[in-house]
Amino acid sequence: MKSPPKQYAIKLKEHLEPDWSDWFDGFFIEEEDNFTLLKGEVIDQAELHGFLIMIRDLGLTLISVEELNDLPDISTRGSE
Amino acid sequence: MGKQEKHSDTPFTTIETKLFSPALSKSHLSRFKLLKKLNSAENCKLTIVSAPAGYGKSTLLTEWTSDNDRKVAWLSLDKDDNDPTRFWSYIIASLQKTSTNLETVLKPILRSPQHVSIEVFLAELINELSDMRTPLTIILDDYHVIESKSIHEMVFQFITRLPGQVNLIIATRSDPPFPVSRLRSMGQLCELRIKDIRFNLEETTQFLNQVVEWDLSEEEIRILNRKTEGWIAGLHLSAYSMRNYSDKNTFFASFAGDDRFIADYLVEEILRQQPEQIKSFLLQTSLLNVLSDQVCHEVTGIDHCQSILEYLEDNNLFIISLDLNRRRYRYHHLFSELLRRRLALEQPEEIPRIHQQASQWFESHNLIHQSIYHAFETNDYERAALLIQRIVMKLINQGEFETINSWIEELPRPIVESHPWLGIARAWEMIFSGQLDLVQDEVSLISTFPSLIAADKDHINGHIFAIQACLYSLKGDQSAALYDSQGALALLPHDDYFARGISSLILGLSLRWKGDLSAAIEAYTTAQQVSEKGEDSFVYIYSSSFKGYVMVLMGRLQEGYKEYTSALQSFQRTGEDVQRGSPIQGLIYSFLSGVLLRWNRIDQAFEQAQKGLELSKRWGNRQAVHDGYFFYTQALLAKGDIPGAKIAIQQAKKNAEHLPPFQHLDVFFQEGMLHLKIQDLDHVAKLIQNLDIHLDDDIGYIHLQTYQVLAKYLRQREDLELAAQLLTRLLEIAKEAGARSKELDIYIQLALVSWIRKDERQALRSLKSALTIAESERHLNAFLNDGQSLIDLLKYAASKSLFVKFIGEILRAHSAGTHIGEMRYIEGNEDLISPLTARELQVLCLLAIGLTSTEVAEELVISVGTARTHIKNLYRKLNVHNRAEAVNKANELSLI
């Protein structure tokens with residue numbers, strides 16, 4: 001059984017421009033005052049870890065990673 | 001269609017630049033505090049230097065290395081190193097650089113096929129390092145690229161077992177997944193973390209004053225330090241960027257006012273300041289993992305790329321020099337990411353073009369790994385598959401299975417199936433990793449490939465034959481192996497040293513089984529020559545030792561001995577002379593013991609047999625262990641150590657359970673010989689019955705030694721007519737094969753049969769044939785295994801002026817040797833009113849070396865109660881009351 005994709009929010013300390021969206025494979029970039037939120041859908045844990053490694057390699061500061069189960073679907077891939 | 005590469009370029013050409021620390025930039029700041037900390041870290045087994053990209057980890061370690069008397073082995077890792085074989089090969093290569101001579105010993109182990117566990121390799125590596133006298137530090141840079149779980153596990157094992165004078169430093173962006181708490185609690189872990197390694201305000205001040213022309217105020221320095229958070233690469237870029245401003249205030253206004261991700265900001269800032277050509281250069285070459293004048297020119301079309309590269313290096317911008325003569329560079333990983341992002345935003349249409357051109361350029365310069373990388377980046381699977389085909393066989397040869405697997409997994413199934421070489425590679429991998437059950441299916445699949453076009457067909461079919469030959473040989477079907485190895489050799493091109501080497505080796509093995517010994521020697525010689533050209537040390541060692549073995553069978557002891565010793569020498573390291581040996585050499589030592597024994601150099605033979613068995617056990621290869629036991633048992637028997645030989649036979653049986661049935665015959669032979677020696681004919685009868693062999697069987701060469709047991713049994717039982725008939729048949733077989741050593745053994749038995757029948761003339765005739773074979777090569781031991789009657793016959797022959805000198809030599813060996821003790825052993829035992837059983841003798845030996853009854857039980861795999869019963873019985877038979885008395889009495893009677 002394949003589990004359905006999950007929504008995640010990744011909170012970073014640095015400010016990223018919205019044009020980083022492509023780099024994080026379609027994640028939405030939300031700029032806040034003191035942090036940046038990357039929100040989007042990941043297929044599985046492997047993809048999520050891939051993002052985290054990318055974040056590490058860029059030297060970005062990770063604040064939190066959260067699963068967004070209760071939020072409305074924000075994915076561009078559409079719901080089933 | 002994918003022609004195999006010539007061997008001039010091996011796929012695992014060690015990329016030398018990985019083994020050097022990067023060059024220090026002119027503007028680097030010495031960091032005495034950290035260097036001091038690293039110096040004291042020499043006492044820790046593991047030091048972790050952990051910080052994100054651009055904090056100067058490599059620079060720090062480079063400075064420490066250049067400022068240190070310790071030997072340092074440096075290895076910069078990259079993503080391709082996730083293959084365990086490749087990873088450890090690089091470790092060896094880096095150690096080799098420190099002039100420790102490990103390669104000759106360790107490489108064949110890493111590359112040898114069939115269940116050679118990396119653990120065995122690790123144990124050897126630790127052993128080798130333990131022998132080193134000078135302190136050594138191994139540095140693994142960029143360890144975070146390693147994702148392979150098995151590598152992590154082994155590196156951790158490696159760390160925990162490191163000898164005292166060796167320590168490991170790991171530079172990484174994230175902590176390695178090791179369970180380090182134990183190391184930490186033992187004070188064996190040192191850590192340099194971001195808080196230690198980032199520039200503090202003082203260092204920032206010192207650095208900026210050194211590289212910036214303007215006088216910066218304390219406040220300005222504070223801003224730079226705060227915004228970069230002591231991130232060294234950021235300070236470099238800020239300083240560079242500042243130089244392009246007409247006054248520092250404009251710079252600070254822009255710098256302080258922008259709160260973007262600083263690395264991204266600085267990259268954009270610097271790109272903006274560059275002339276269009278350099279900017280374009282930076283973006284377009286960011287896709288390359290290796291930069292050189294030529295490849296940069298290829299993808300950018302810009303002339304004089306070298307001067308741009310040197311400009312970037314001189315200004316400490318983004319790139320790192322990979323060698324001292326400024327030929328090869330790479331981007332600092334962080335900046336290649338940021339530049340690639342800019343490229344994707346500004347010139348996305350260029351990306352596929354650049355990958356294609358890069359892939360082609362690398363291909364034409366024989367850098368196939370890089371070429372494959374770029375082909376995958378544009379999803380050009382067809383191209384990737386063709387490129388992989390070109391080097392796949394060499395990767396197999398090097399044991400880089402993980403690399404091949406990861407590539408094949410990335411390819412779509414239809415592409416894999418339309419490229420037969422990929423299937424061939426998978427089949428070889430199955431052979432080498434012992435998944436024999438899967439091989440046949442894979443091979444059948446390849447044969448049905450529609451793409452088997454004429455140009456390559458023979459070569460591919462040659463490989464299919466070679467793979468099947470290996471498969472049959474491992475399963476024990478010698479005639480099928482013979483047929484297929486011949487098929488392979490007829491089809492394979494002359495420069496495919498890998499497949500030709502293996503096929504010739506298999507051909508030799510199967511010819512030996514068939515009894516065509518001269519042809520076997522020829523095949524082994526070919527295997528030696530081919531594997532030498534292909535630098536395939538595994539096949540070389542094996543073909544040499546089997547060749548020696550066949551020579552010994554043919555009675556050519558001197559030549560066999562030479563063959564073994566030269567195979568051993570091919571291993572000899574040039575540096576320190578450590579007498580330990582490599583596990584893969586075990587077989588040679590075992591074979592060597594066989595020759596020494598024939599020369600009746602029993603103590604030496606025993607020593608080599610022991611060493612051979614021990615090495616093969618360390619290797620863990622069951623076949624080698626099997627052969628090891630054979631020669632070890634033989635040596636024990638020659639020494640007269642019956643209990644020891646019995647234990648060895650039991651262990652050999654256990655080991656042989658996992659080998660094809662025909663191998664069990666070796667154990668039968670030794671067990672039979674042992675019981676014939678101690679005159680336990682009932683036991684031999686049982687063995688023969690169990691094996692279900694009969695006089696009217698059709699006997700082939702491979703059964704010769706089995707029926708020698710039967711013949712000797714018949715002779716000792718005084719079924720002389722039957723014995724003579726069987727021996728005559730065996731003699732014919734041995735003669736036809738040219739197995740002179742076997743002929744010799746059989747003539748001796750024939751001579752004894754006639755001697756017992758009082759047919760002295762016939763006895764002398766057979767003995768004369770035996771002595772003729774034996775004299776020139778000094779086969780002494782063959783005459784010392786049949787007790788007094790053979791000695792009497794020899795004396796009789798000498799009295800008739802036959803071979804007087806040589807017989808004198810045999811008789812001297814007889815009276816000087818352990819054979820006297822051995823005869824006394826039997827006689828001594830018979831002196832007792834009721835002789836000890838074989839089991840009781842075994843127990844007695846174990847008591848004599850000081851084992852407790854519980855330990856005796858363990859050693860013999862019996863219950864403690866049973867062991868006590870044996871002890872009680874043997875006390876009774878010896879008429880003693882305790883262990884000390886028993887041992888004394890046993891010595892008196894020469895029972896042990």
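In the predicted model, helix α9(B) passes helix α11(B) in a right-handed crossing. The two elements span residues 201-211 and residues 232-243 of chain B, respectively, and their axes come within 11 Å, crossing at roughly 35°. On the α9(B) side, the contact is formed by T204(B), F207(B), L208(B) and V211(B), which meet L235(B), H236(B) and A239(B) of α11(B). Classified by residue type, this contact between α9(B) and α11(B) comprises five nonpolar and two polar residues, with no charged residues.

The size of an interface is often expressed as the accessible area lost when the parts come together. Between chain B and chain A, about 1,500 Å² is buried, of which 58% lies on carbon and sulfur atoms. Chain B contributes 18 residues to the contact and chain A contributes 14 residues. Of the area that chain B buries against chain A, 39% is supplied by F261(B), E337(B) and R341(B), more than by any other three residues.

Polar interactions were also identified across this interface. Four salt bridges are found between chain B and chain A; one of the salt bridges joins the side chains of D19(A) and R341(B), with an N to O distance of 3.0 Å. Six residue pairs, with both members at pLDDT 80 or more, are in polar contact between the chains. Helix α17 of chain B (residues 333-346) gives the most to the side of chain B that touches chain A, providing seven residues. By class, that side of chain B holds nine charged, seven nonpolar and two polar residues.

Technical notes: Residues are numbered from 1 along each chain as its sequence is written. Chains are lettered from A and ligands numbered from 1 in the order in which they are written. This is a predicted model: local features need pLDDT of at least 70, side-chain atom pairs count only at pLDDT 80 or more; totals for chains, interfaces and linings use all residues. Side-chain values use heavy atoms; hydrogens and water are left out. Axes are lines fitted to C-alpha atoms, for helices over the stretch in contact, and angles run from 0 to 180 degrees between N-to-C directions. Helices (H or I, at least four residues) and strands (E, at least two) are DSSP runs, numbered from the N terminus. A crossing is left-handed if the near helix is turned anticlockwise from the far one by less than a right angle, and right-handed if clockwise. Contact means heavy atoms within 4.5 Å. Ala, Val, Leu, Ile, Met, Phe, Trp, Tyr, Cys and Pro count as nonpolar, Asp, Glu, Lys and Arg as charged, and the others, Gly among them, as polar. Buried area is the accessible area (1.4 Å probe) that two parts lose on being put together, summed over both. A polar contact is a pair of N or O atoms within 3.5 Å; within protein, one must be able to donate a hydrogen and the other to accept it, and residues adjacent in sequence count only if both atoms are side-chain atoms.
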